[in-house]
Amino acid sequence: MTAIEEIRKKLKAENLGAYVIAHGNRYIGQDILDSEHKLKKLCGFSGSAGIAVVTENTTYLLVDGRYELQARQETDSQEVTVMDLLPRFKNVCDLLKPLEITTVGYDAWCHTVAEMEFIKRRYFDMKFVDTGDWLGTNTKSGAEIMERGIEFSGQSREEKIAVVQNMLKDQQADYYLFTSADSVSWLMNIYASDLPYSPVVRAYALLAKNGEVLLYGDNLKTDLPSGNWQEFAARMAKLGEVKLMYDAHNAPEKIKASVEAETKLIKAPDICQMLKAEKNATELQGMKNCHIRDGVALSKCLCWLDENYQGKTELDVVEKLHEFRAEQKYFFSESFATIAGFAENGAVVHYQPSEKTNKELKEGSLLLLDSGGQYLDGTTDVTRTVVLGKPTEEMIKDFTSVLKAHIALASTVFPSGTSGMKLDILARSQLWTEGVDYKHGTGHGVACFGNVHEGPISISSGGSDYGFKSNMITSDEPGVYKENAYGIRTENLLYTAESEYSGYLKFNILTKVPIDKRLIDKYMLSAGEQMWLNNYHKDVYDCLAPYMNEKEEMWLKDVCSPL
């Protein structure tokens, strides 16, 4: 019996019309292990964002534009209907209403308080039942917790805790419950290696007004005060008449059911999410340092690729790039599974090569290489699109258009506090003039040795309205994707800094990797855009040349020469 068939059997037994399956688990918004991937177990979809709903007759899988092609390729169209809709519970409900389905099961650990309050308020004529995890994929593995030194964090655990204590004092509250694993990791200066690409410790933290902190998670191996989920449930039930603060936008709805009626719950934004977005001087310097080392690794790989691509495959590139990164100081892991998409595979926005899909590299098309590293002093994320052989005029036009979009955002000056929603159009409009768009955001926040996708900032037409401040890090990654042909994306990481105008910010570039000039039509670029590229390449050469061997240095000098 398939997973879908088992769910339908349970629907009948529980007298429910539908069951909703979220991508994640009680650590909402964090990476998951492959063994915890509910959607993959359900229908084969392996992407990192999605939501599914199983009814008596149909299974719907909702994914955003990044995963539409991938979802259709990985699922059985006879079993699963893929919908190009944002993976939100609201959109699931909108699908179910015309079907006159009014009783819906879900796992309250996988949906936030804020989301479910909205759902139950808006769809008041539907009944939502917490049935738990019907796929049996909740987290069970433990993790060894390691300490991250102040030479990398720039601020002690005690200093960070004191900030939260002051907030509790101001609000006359007794506790703050942190349910976001990346906040807990940042607050406590800890990390773990149980996840393949993220060093965060998957745990909750209950911080008392006296500064005491208790961690709760799955079999945590640590000298810090900690407990398991049974102990967490017991503690929540025995809090009594206290004031407990939490963030309704990242706390699971199940939390509300775990506390007694006399406990007063107070909604308040997760202060760590805001504090860690503004990098301190040590973190910012670490990010600058690791981007030079990462640029060395990726540039060495691109040099190798130029002479050795014949007969090689996408997976060969992934392996070679890992070898170069692993040689670098403070390397911990990749920051996400490397995307190496050749030809039509590059048009699948978040494609990752496998033994089944692995393509051989040949002349006449493009390789989209999106990758990053976790280093003890920072996190990187960079995309380069390179041509193998001679590019077509269409490739050159598309690549240059993407470059213009990238430069438009990277070179802007804007008022402090401007939201990413407003900045998004600066890049996207450059492609709109060509009748082209891309189905993903233009930029996302990036942690310093943490999640490669970090809130609260993002640059997207439908993203966060949180305003940019100094020392925040974002990606800049417009693209063009042509199904069955190729994909193009150019991505650098940028950080905000004070501009020459009071109250205004500018972007400075962290990433140090050459951009493929063979794909650029310089006559499409303005004088200012050409100057931007030449200055960027000069900086790349100056930073990386001392770390290259003679052959690599000659290659670097050529690819970084002025247009």
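Me: What makes β9 and strand β11 (residues 203–208) count as paired?
Reply: DSSP has to find at least two bridges between two strands. Between β9 and β11 there are 4 bridges, and the two run antiparallel, so they count as a pair. Within β11, Leu206 is the bridge partner of Leu177. The model is a predicted one, in which local features need pLDDT of at least 70 and side-chain atom pairs count only at pLDDT 80 or more, while totals for chains, interfaces and linings use all residues. Residues are numbered from 1 along each chain as its sequence is written, and side-chain values use heavy atoms, with hydrogens and water left out.

Me: How do you know that β9 also pairs with strand β15 (residues 243–246)?
Reply: The two are joined in the parallel sense over 3 bridges, and the requirement is at least two. Leu177 stands opposite Tyr246 in β15. The strands themselves are DSSP runs (E, at least two residues; helices are H or I, at least four), numbered from the N terminus.

Me: Which way do the side chains of β9 point, and are they buried or exposed?
Reply: In β9 (residues 175–178), Tyr175 and Leu177 point one way, Tyr176 and Phe178 the other way. All are buried, that is, under 20% relative accessible area with a 1.4 Å probe and protein chains only. In a regular strand the side chains alternate between the two faces of the sheet.

Me: Why is the largest cavity called a cavity?
Reply: On a 1 Å grid over the protein atoms alone, a cavity is a set of points where a 1.4 Å probe fits but cannot get out. The whole structure has 2 cavities of 30 Å³ or more. The largest has a volume of about 210 Å³, a volume being the space filled by probe spheres set on the points, which are joined across faces, edges and corners.

Me: What makes a residue part of the lining of the largest cavity?
Reply: A lining residue has an atom within 4 Å of a point. The largest cavity has 20 of them, with Arg148, Trp186, Cys448, Phe449 and Gly450 closest to its centre. Helix α8 (181–188) and strand β10 (190–191) each give two or more residues, and α8 gives the largest share, 3 residues. By class, the lining has 8 nonpolar, 5 polar and 7 charged residues; Ala, Val, Leu, Ile, Met, Phe, Trp, Tyr, Cys and Pro count as nonpolar, Asp, Glu, Lys and Arg as charged, and the others, Gly among them, as polar.

Technical notes. Buried means under 20% relative accessible area, exposed over 50%, partly exposed in between (1.4 Å probe, protein chains only). On a 1 Å grid over the protein atoms alone, a cavity is a set of points where a 1.4 Å probe fits but cannot get out, and a pocket is an open set with protein on both sides within 12 Å along at least five of seven lines; lining residues have an atom within 4 Å of a point.
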